[in-house]
Amino acid sequence: MKKIISLKSTDREILDLCEKISKMDIDCSVESKTIYNEDSENINSLRIKIYGYDKDKVNENYRILRSLIDRVHKKYNPDSKGFHEFQLSELKYPINKNLILDALDMLKIDYIYNKEGNSIKCKLSLDEFNNLLKELYEINKDPKLNYHINIGSNPVKNLIVLLTYFTNGDMEEIIEECIEKEFFRVDEGGTIHLNRDPKLIKEYYIME
């Protein structure tokens, strides 16, 4: 038996779907037809045929693919309130969830974190969201932060990344200033720890 899913989608969505489907253990075929539109992105008519001898398995695969299509659609297209939805397990740049949420807070961008679905809804397009993640990721992976500076915990590291991103300043100078102002403290072993509420530290640098 077989079941068929038909939909219309953009080039980017089609490529994303096909890449994900190719990695899934589902017996199916994918056919697409492009409708050229001079005024907007090309729209594709997509047809997915799901095959199998076991009715329950075919129906299960159908539900899996419908769920995948829904996730991909929400990533590229905002809902009625302007929110795109991104799965944390599928981020282009592997960034700590708390770092992302703190950055969105500081940017005053509306967002909804779904712990159960492990996703973030926010009012950024996919490209804007990926650009933010890329900048945070590059700071987060800076050799100075990971190999030359002794950080006591992830909250301290996240805060240093955020302050560097928002001030566009020199990371080592920011750390020195935070120590001088007693926002951070350094223990006898040279490890840096938080000494004040992170919220107060963020407000200080944002208001400056």
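How many nonpolar, polar and charged residues are in the lining of the largest pocket? By class, there are five nonpolar, two polar and seven charged residues. Here Ala, Val, Leu, Ile, Met, Phe, Trp, Tyr, Cys and Pro count as nonpolar, Asp, Glu, Lys and Arg as charged, and the others, Gly among them, as polar. My notes follow.

1. Ground rules. This is a predicted model, where local features need pLDDT of at least 70 and side-chain atom pairs count only at pLDDT 80 or more, while totals for chains, interfaces and linings use all residues. Residues are numbered from 1 along each chain as its sequence is written, and side-chain values use heavy atoms, with hydrogens and water left out.

2. Overall build. The protein has eight helices and eight strands (DSSP runs numbered from the N terminus: helices are H or I with at least four residues, strands are E with at least two). Its radius of gyration is 22 Å, whereas a compact globule of 208 residues would be near 17 Å (taken over C-alpha atoms; the globule rule is 2.2 Å times the number of residues to the power 0.38). The C-alpha trace spans about 70 × 40 × 30 Å along its principal axes.

3. Of the 208 residues, 37% count as buried (under 20% relative accessible area, with exposed over 50% and partly exposed in between, using a 1.4 Å probe and protein chains only). Among contacts with a separation of 6 or more, 59% come from residues 24 or more positions apart (contact means heavy atoms within 4.5 Å).

4. The volume of the largest pocket is about 220 Å³. Of its 14 lining residues, K75, E90, K92, L126 and N130 are the closest to the centre. Two or more lining residues come from each of α1 (11-22), α2 (55-76), β4 (84-87) and α4 (126-140). For the terms: on a 1 Å grid over the protein atoms alone, a pocket is an open set of points where a 1.4 Å probe fits, with protein on both sides within 12 Å along at least five of seven lines, and lining residues have an atom within 4 Å of a point. The volume is the space filled by probe spheres set on the points, which are joined across faces, edges and corners.

5. Strand β4. Q87 lies in this strand and is buried at 17% relative accessible area. Leaving aside neighbours within four places in sequence, Q87 is in contact with R71, G117, N118 and S119.

6. Salt bridges around K74. The whole structure has ten salt bridges (a side-chain nitrogen of Lys or Arg within 4 Å of a carboxyl oxygen of Asp or Glu). K74 pairs with D70, the closest N and O atoms being 3.1 Å apart; both sit in helix α2, four residues apart, or about one turn. K74 is partly exposed at 33%, and D70 likewise at 37%. K74 also meets E85 in a salt bridge at 3.9 Å, N to O, and this pair links helix α2 to strand β4, eleven residues apart. E85 is buried, with a relative accessible area of 13%.

7. Other salt bridges. K202 pairs with D102, with 3.6 Å between the closest N and O atoms. K202 is in helix α8 (residues 198-207) and D102 in helix α3 (residues 97-106), so the pair ties together parts 100 residues apart in sequence. K202 is buried at 16%, whereas D102 is partly exposed at 22%. Elsewhere, salt bridges link D16, K20 and K75 in a network, and K75 is also among the residues closest to the pocket centre.
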